[in-house]
Amino acid sequence: MDHAHDHHDEASKPTDVRERLFLPELLHGLAISTRKFLRNLFGERDPNPQVVDRTGLSLVTTVQYPDEKPIYPPGYRGLHRLVPREDGKPRCVACYMCATICPAQCIYIEAGEYSDDDHATESRVIEKYPTQFVIDELRCVVCGLCVDACPKDAIRMDTYKHTPAEYTRQGFVYDIPRLLRGPPVTHPSDPWYKRGSSEEPDHVHKEAHTRIGEGLVPLKLPGGHRVEVDTSNPVAVTKFIK
Amino acid sequence: MSQWALDQLQAKLPDALEERYVDRAGGHWGVVRREKIADAAKVLKEELDFKLFISIDAVDRLLLPENDPRFEVVYFLYSVSRNEHVRLKVRCSEDDPEIPTIRHVYQGANWGERLTWDFYGIRFKGHGDLRRMVLYEEFKGHPLRKDYAMRDRQPLIPERPIKDIFRGPGTNGAT
Amino acid sequence: MSDDKKPTAPAPSAAAPASGVPATAPAPIAGAPQSTSKPGAAVPPPPPAPGAKPPPKNPGMVTFTVDGKEVVAKPGTNMIEAAKQVGVEIPYYCWHPRLSIAANCRMCLVESSTSPKLVPACQTAIAEGMAIKATSAKVQEQQRAVMEFLLLNHPVDCSICDQAGECKLQDYYMRYDHKSSRLERISGIEDGPGMKVLRNKRKVLGPTVVLDQERCVLCTRCVRFMDEVAKEPQLGVFGRGSHERIDVHPQFGELKSNYSGNTVDICPVGALLNRDFRFRARAWFLSAAPSVCTGCSRGCSTFADFMGQDTYRYRPRENEQINKSWMCDQGRLSYKSLNKGRVLQSVIGRGADAREAGRAEAVKYAAAKLKPLVGSVAVAASPVASNEDLMAGLTFARDVLGAKSVYVSGRPAGEADHFLMMADKNPNRRGLESIAKALGLNVEKFEKLSAAVEGGQVKALYAIGAEMPDAGFAAKAATLELLVLQATNEDALTAQAQVLLPASTHVEDEGTFTQEGGITQRFRRAYPPKGDAQPHWKWAVELAKEMGGSLAWSSSREVFRMVAPTVPELASFEWDKQAPVNIKQGISVPAASADGRPPGWREFGAPRVKGI
Amino acid sequence: MSADDYDPSPSNEELEAHLQTRNMVVNLGPSHPAMHGTVRMRVELDGETIVKVDTEIGFLHRGFQKSCENVTWTQCLPYTDRLNYVSALGNNFGFLHAVEELIGLEIPERAKYIRVIGAELHRICDHLTATGALGLELGAFAAFLYGVEARELLWDRVTELTGARLTTSYGRIGGLNRDLPPTWPALVEKSLKKTEELAGEVEALLSRNRIFVDRCRGTGIITTQDALDFGFTGPCLRANGVKYDVRKAKPYWVYDRLDFEVPVGASGDNYDRYLCRVEEMKQSIKMIRQCFKEMPEGPVMVDDWRIALPPKQEVYSTIEGVMAHFKLVMEGVQVPAGEVYSCTEGANGELGWYLRSDGSGRPYKVHVRAPGFHILSGVNKMIEGRMLADLVPTFDTINMIGGEVEQ
Amino acid sequence: MRLRWNVIIGSLTIIPGLLFGGVATGYLLGGLADKHLFVGAHHLVNVVLLLLVFVMVIATALTLAERKWSAMMQNRIGPNRARLPFLENSALSGVPHVITDVLKLLTKEAFIPKDASKLLFNLAPMLAFAPVFALFAIVPAGPTVNVFGFDIEMVAANPDFGLLYLFGIASLAVYGTSLAGWSSNNKFALLGGVRASSQMISYEVALGLGLVGMMIAFSTVQLGGPAGMSDLQSHYLPGWSTYLGPIDVGVPQWGFLLQPAGFILFFAAAFAETKRAPFDVPEGESEIIGYFVEYSGMQFGLFMIAEFVEVVVLSGVLIAIFFGGPYLPFGNLWLKSLFGPDWQWLYGSILGTVFWLKVVLLCYLQLAIRWTFPRFRYDQIQTLGWKILLPIGLANVFISGALILWDPSLKALAIAGGIEILVLVALTLTPTPAKSRADAHIGHHGPVDEHGHGADHALPAGHH
């Protein structure tokens, strides 16, 4: 039964009789796979999407993707969305920051100017908006730098889903209607809380020559109290600790 | 860092070093005369125990304020026993981008020199097998030169005829 | 990024101290102690006796030190410029080399040995032996304080401000301040906005300019420009204190001047913006190529700012002889013809038979049509074409077509004004005339051609450029048997051409113009020609080749070098040494790079979104 | 088993003298199951013995250097992720370390610890892949999947940390993108336990298995002289008994405060490389635990707006913030002009960066000394004269990663 | 700790039930055939039933089992995406994949490379498939019982040269692989074909030697029939049996007990013959992809199914020779006595079921080996065959022969076999000492310059 046949020189000789005999170690290996086989065959699988927390006899770690969805952690970089304002228009002001920092150059923007007869005060304050905002999700490398670069919290990757498959390349080109989704976000610092339009407030003009400092217009906040930043979805932006 | 090695190198090959300086992070650099680089490498490897070959690459200084001669080839070596990197530099001009190879000193320089040839068009005299490394032979120009535009297009080339060396039942061997 | 550069002081004076310092190549610190004695030498070792001026170190020059570096400058040189000679940047907003000194921005305050307080560098005269400290701690603290003050009421607007990227506030903030805001927030909301003075954010000043009063730092450069340079004092400063603002004087109603665009250029911040350029592109994407305005025969030096294969705006380029730092609004808008209404495809045939053709086919067709008519073909050349185009085109006309004279076409004359704009709207009439003369061609008036065509004496016409002074000529041209037309832009005449060859504009190739005063200027290529267009000279070369001639030129530089020596007016022009070489690259180089794609561009286009 | 078994004796040659034989040339790759990434090996075979190998790379060349030279320093980050894509964080942090050395920037303590944790996590991932793939390509599929299972668990943790499992883009010049998620250490500990268990099973399946040992021991040998000459670093060099580990030789971040050992082998064959990797995983796990224990609270990003993007609320509400933000995004971090060679210990060895800045926001030159490139360049020394089948484990133990080799 | 009871109960009832039904059908049909056609007609029934039904069905099921079981061993779920049209909510444990696989293989283009030798290229899959399929003809899958007054043998053919037929037919399989490799006009296929042929030819020696011990012990080369190896193993070693109540117990003279070395030898050699891991170098999917690299569609399917048939056949042969054929280790007589003369087919069916269950277990063993072990290198296989297995085989024949001569009752042989097994078990169960070669050197760390340990100190290993 001694299989150990010396075909190595001394330096690289198997050190152990069991190893040299082939079989014991092979049987060890078989024992490992058989143990797993039996456990997985007879044990009930725990479908907990957090794989590391799975318990039970079964060791199966598969996540059956379309049926079971993994829980993406906060801050996961998924498909982009353009964040809407409360009135449903994008927060984006076409500043091109995201297009500038995008290493893949997958963002294409064309800017336009809100006309004076636009009645929404927000629009009149913002002045600029994107007439086109297109992301080519095929080119995107999901680095998240656009979210970092946005000075208006207007683009986020907190959709917690991947870019779905498409039949054409064109299908991966996401424009504003497809990108503009998700809960609206407001910040107290949004300019339309500060002023009604881009013109000089009337009383400021009147009082300009009398008292300096009267130009400070109290913040007009919806509901008369402070605005809460939407926290239902975690803010997937850079968190700095100063 | 590597000051010792450069001192030693200067002592052993007095005319090898053209210039020495210290970079921002405190690394010592030695600019080696072009024709002395192979000797310097040999001294470093055999006498100073810089046996571990680290890397080789080049810089095209075209857009830098100081750009004559145009190319700098940088060499990095390491000594395990001394725990020290040595940083060397060789300069060569655009008109005569040729540097003696150190392939016979460090085998690892083979690919590095090929890569440098590929990217910068710097020839290594005596290399013997200076083919392109990652690009194809028909590639026009050297892409890491600063005058090669980011999105330059290459001409289409016909498929290379590949001679099959050994065939099965169909054509019975010799082709 | 607007660079108010003025031609620096003559080289000899700058070179004088440099030659004194031995060239120490590897020295770790570049000879710091060599020019001054000790760090404490703010006051020169021999203290100047009160009242008695010390003898000048360099006769005829003023010698003083900036940050320990010795500067030799002509008396009367501005301190900011003098400091620039030795590489010391003194920041400024309100100062402009071509305007009077206001010294109101306080950004250029420096420490001077002659004054206990900080002095404004723009206003303080340089004096012999003066020691300036432009980077001392005190100065830095002052710069930081000024920045903070200027930003106090500045709106959070970079996102929508066209100036972002070429804004002095941004540049200086990063260089001299880079600290966070100390402005108090509205109580209770920690991340809310600061309490800033509100002013009019979108005041349309006139047809060209829109003003954002909130962004204004009240440097009054624009007011001074309108007063001093344009001599149309329409702008003024109104209000007091924190309510001070720039506005149009009430009696004018709006800013209506042919030079109002310059106020946008010199505005160091984003307060004054060009309505034409507004929101069309971000400054950092644009690259700039040295170019020449083709709006009139003044030939102002410009930068053509482009991205991809589109020109977005013209900006005036320094040219002491022609336009100083300015240009007119009409010329400024003349860039539009580079993008729109272009002829981009060769067309063969006329009317119903017209069809598009490739370059080679069109040339072959034109050559076949021209060949039997050699000797009887009339030649018209437009003074909008560059010297190189005309050299090649007229050589072709003379040698191959056998032409004896050339009819000068071109745009009709327009209005002129008191400053830059000329009545002749063609940039290269002088060049055309001198080249034609040098080539031995008679220069004929266009009316003659017009009459000849009408009278039927001219049956065939070869025209370089489609600009015609006579609007009715297109109708007359319909009677021509053959019209070979090289045109950049579509107009009435292009429809009458039998062979229409698309020509490139001046930003798409390099070359020279000779303006009215006889000054020849070179312009550089910004981007490759659009579509199938190619320069006039190249069409001429190809036509000549097809017809058996020999014009073996492969670039406009070659054309110039071969032909110019025979043209007396151009013989002394040093082609290779003209126009700055450095084309300003957009910050995002790959974004608008070689193959001309703006960021995110895709070949198959994208659905256009309307009315969101 | 070594190549001595194939030793054509003179008698063989006599026997074959009248036969007109010629060596067969086969192309392994660029599309071949054992050619990780896409490498082409033109292999000349005499029977089963490899006579000559010509390695041809470039099928995965992405123009890393050229791309980096045309974007800002920050924008280089996604490119570095894709060098050694199995251990993206290591590359990511290595690059940032070099840039910070060029600036002369000291990052906050906590960031240093997190960087060590991230780099070591990904080192484990890398070694799990290498050892698992070694099993896979030798035929032991189970070992591979156990390795991958553990790797997946760790990648889940990486996802929680960085927001993406493979292409992390996590670091920033001057620190990190964001702090640890609050419950993260506990999850990591859980995953590490499971990893230890699974790695132990892989070891039990392979390390003493005679078939495996025969396949690995004595194959893919490189002499120490050659290994140094070719520029082998990391586990591949340490398998030869050369104790060179950047983490010990030139400690960066907090490696000098951690208690860990550097395993070395003796013979420079596939088996020693495998064992080195197995042992390194254990050391890495040890290090991660130490880091969690010692990690201080505090910022993870330097507070300098010339380097770090301002906090988002400052950008939204103050002009100062938005200006700094714009300048940093438009022009990038203004790295002072100069040059630096800096190295960290990547999963496969010394990951060196030669950076050169001309003072603008974009790199003037980014040279990456990818450990895999130099190791692959020596691969023909390891397998010429050996058998065709030895190519496979050799490729696995050197952990050839196309991304870093071809840049 | 929840268990999947449906799986447990299902596997305990459905699989034996199906097998039992199949075997019983075989016996009854065989009896009917003999009764109504001619005596011996049951062999025709067996050809259909054993070869076309049992072997094919199990082999087909193995295509699924290979994936499903390997998944279980590797903590995966395995194939479960294919669904039946009206059962779209249930994966049915992946069974529909068998159907979809067949559909896929049948509908794929059968691609023939340019310059391939078309005739041989088409012939090779058949040549690879047919011999393995024919092998099962001599494997007895149940005892010989009396049904309807006729002795029904559960075997397709029972030639008295039994094992020689096995060797003969098995060696034919090499043609398929080597022709496939050569005719494909592909260097990798050629390498695979050469590897396959040399490996298969080499291992025939070991294959034969492994069985010589058994031939000597039982003095026969026949498998089926009352004097065949299969039936002989139902006997106890003389004197080492007793009755516990009605149940007979004792030490059965199973080949595994008598010839453990021979078993391992034969098992290893047969594994090499089937070209499955760890002997799958002709395939070697990470090295040369294998001799069938150019095959597609059903032609590839034939190679594939031939491999699974080989697995089944090998299990059958092993059981017939080493694991007591259809018999239980004890209680066979008691079981037989339970049923009256008219119900003997029931007894046969139970034992037939036992046989097939043994086959399934051995199939599992083979699959587990395939998914757990690394593969040998080509030359290591040769070394193993010629330098290890061959001497062991010779020694085994010599020792076994000597023991049988010394003690014809096979007891000495059984004792020797028992000792061998015990040694192996003892070695396997002793705990593994912590070991790794790198361990010896761990600790030589720290700043390198402290040690001053130059690189040239290390061993120039591997250059002998």
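Buried here means under 20% relative accessible area, exposed over 50%, and partly exposed anything in between (1.4 Å probe, protein chains only). This is a predicted model, in which local features need pLDDT of at least 70 and side-chain atom pairs count only at pLDDT 80 or more, while totals for chains, interfaces and linings use all residues. Residues are numbered from 1 along each chain as its sequence is written, chains are lettered from A and ligands numbered from 1 in the order in which they are written, and side-chain values use heavy atoms, with hydrogens and water left out.

Cysteines come up first. Across all chains, the search turned up 0 disulfides (a pair of cysteine sulfur atoms within 2.5 Å). A:Cys98 is in no disulfide, and its nearest cysteine sulfur, in A:Cys92, sits 6.3 Å away.

Strands here are DSSP E runs of at least two residues, numbered from the N terminus. C:Leu482, C:Val484 and C:Gln486 point one way from E20(C), with C:Leu483, C:Leu485 and C:Ala487 pointing the other way.

E20(C) pairs (at least two DSSP bridges between strands) with E19(C), residues 460-464, in parallel through 5 bridges. E21(C), residues 499-502, also runs parallel to E20(C), over 4 bridges. C:Val484 is the bridge partner of C:Tyr462, and C:Val499 in E21(C) is the bridge partner of C:Val484.
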